[in-house]
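Please look through the sequence and the model shown below before reading on.

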Amino acid sequence: MDKKTANQARSLEYFRGRQFSGQWRLFMTALVEELNASAGSQEMLAFFGHLGTKIASDLPIDEQDTLEGLEAAINRRWNQLDWGWCQFHGESDMIVIVHDAWPRLDGTVRETWTAALAALLGGAYNAWLRDQGGDRTVEVQVLKAQPDGPLEFCYGC
């Protein structure tokens with residue numbers, strides 16, 4: 001099974017155990033549209049990154065000894081929020097993070113929402129990695145943020 005098929009299978013398994021509520025869709029669509037229109041894309045992304053940092057501080061992760069332990073602890077947090085799952089891969093001197101089964105919005109804000117959520121998740125991952133003793137000068141970078149697939153991040157690239 002290739003990586004893409006494995007990720008899709010894992011996402012399908014995740015979705016089968018969840019019910020999606022539309023109660024926040026209209027609000028989030030309006031919020032993203034208005035923030036992007038009034039503040040601009042860069043400011044909106046910075047705001048969502050700050051929200052991710054705040055969420056990480058409200059949902060702290062105990063100190064973990066391994067990358068696998070950190071992945072499991074963070075997945076427990078995402079499970080609490082029903083925001084999907086992540087997978088960590090150590091590659092030489094960096095960590096690649098894949099995040100899928102994340103809450104999606106359709107329509108006119110699809111692309112903007114994807115970028116906003118990637119900024120939010122990046123902010124959370126950044127805060128959690130720093131809390132684990134990570135270098136405060138290193139920032140989590142978004143590698144890939146497309147509406148139809150997993151989001152990909154890099155720490156230390």
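Is arginine 130 buried or exposed? Arginine 130 has a relative accessible area of 18% and is therefore buried, where buried means under 20% relative accessible area, exposed means over 50%, and partly exposed lies in between (1.4 Å probe, protein chains only).

## Basis of the report

This is a predicted model, in which local features need pLDDT of at least 70 and side-chain atom pairs count only at pLDDT 80 or more, while totals for chains, interfaces and linings use all residues. Residues are numbered from 1 along each chain as its sequence is written, and side-chain values use heavy atoms, with hydrogens and water left out.

## The nonpolar core

A nonpolar core is taken here as a set of buried Ala, Val, Leu, Ile, Met, Phe, Trp, Tyr and Cys residues joined through side-chain atoms within 4.5 Å. The largest such core has 36 residues, and those with the most contacts inside it are Phe48, Ile74, Phe88, Tyr125 and Trp128. Two or more residues are given to this core by each of the elements α2 (25-39), α3 (41-58), α4 (67-81), β1 (85-91), β2 (94-100), α5 (110-131) and β4 (151-155), and α5 supplies the largest share, 12 residues. The helices (H or I, at least four residues) and strands (E, at least two) are DSSP runs, numbered from the N terminus.

Isoleucine 74 is in contact (heavy atoms within 4.5 Å) with Ile61, Cys86, Phe88, Tyr125 and Trp128, when residues up to four places away in sequence are not counted. In soluble globular proteins, nonpolar side chains tend to be buried together.

Leaving aside residues up to four places away in sequence, asparagine 7 touches Trp85, Gln87, Val98, Asp100 and Pro150.

## Salt bridges

Four salt bridges are found in a search of the whole structure, each defined as a side-chain nitrogen of Lys or Arg within 4 Å of a carboxyl oxygen of Asp or Glu. Side chains of opposite charge can pair when their charged atoms come close. Arginine 130 and glutamate 139 meet in one of these bridges, at 2.4 Å from N to O; arginine 130 is buried at 18%, whereas glutamate 139, at 40% relative accessibility, is partly exposed.

Aspartate 100, one of the residues touched by asparagine 7, forms a salt bridge with arginine 104, with the closest N and O atoms 3.2 Å apart. Aspartate 100 is buried at 7% relative accessibility, while arginine 104 is partly exposed at 23%. In another pair, lysine 54 bridges to aspartate 58 with the closest N and O atoms 2.9 Å apart. Because lysine 54 and aspartate 58 are four residues apart in helix α3, about one helical turn separates them; lysine 54 is partly exposed at 43% relative accessibility, and aspartate 58 is partly exposed at 47%.

## Positive phi angles in loops

Aspartate 82, in the loop between α4 and β1, has a positive phi near 60° although this residue is not a glycine. With a relative accessible area of 24%, aspartate 82 is partly exposed.

Serine 92, likewise not a glycine, has a positive phi of about 45° and is found in the loop between β1 and β2. The relative accessible area of serine 92 is 79%, so this residue counts as exposed.
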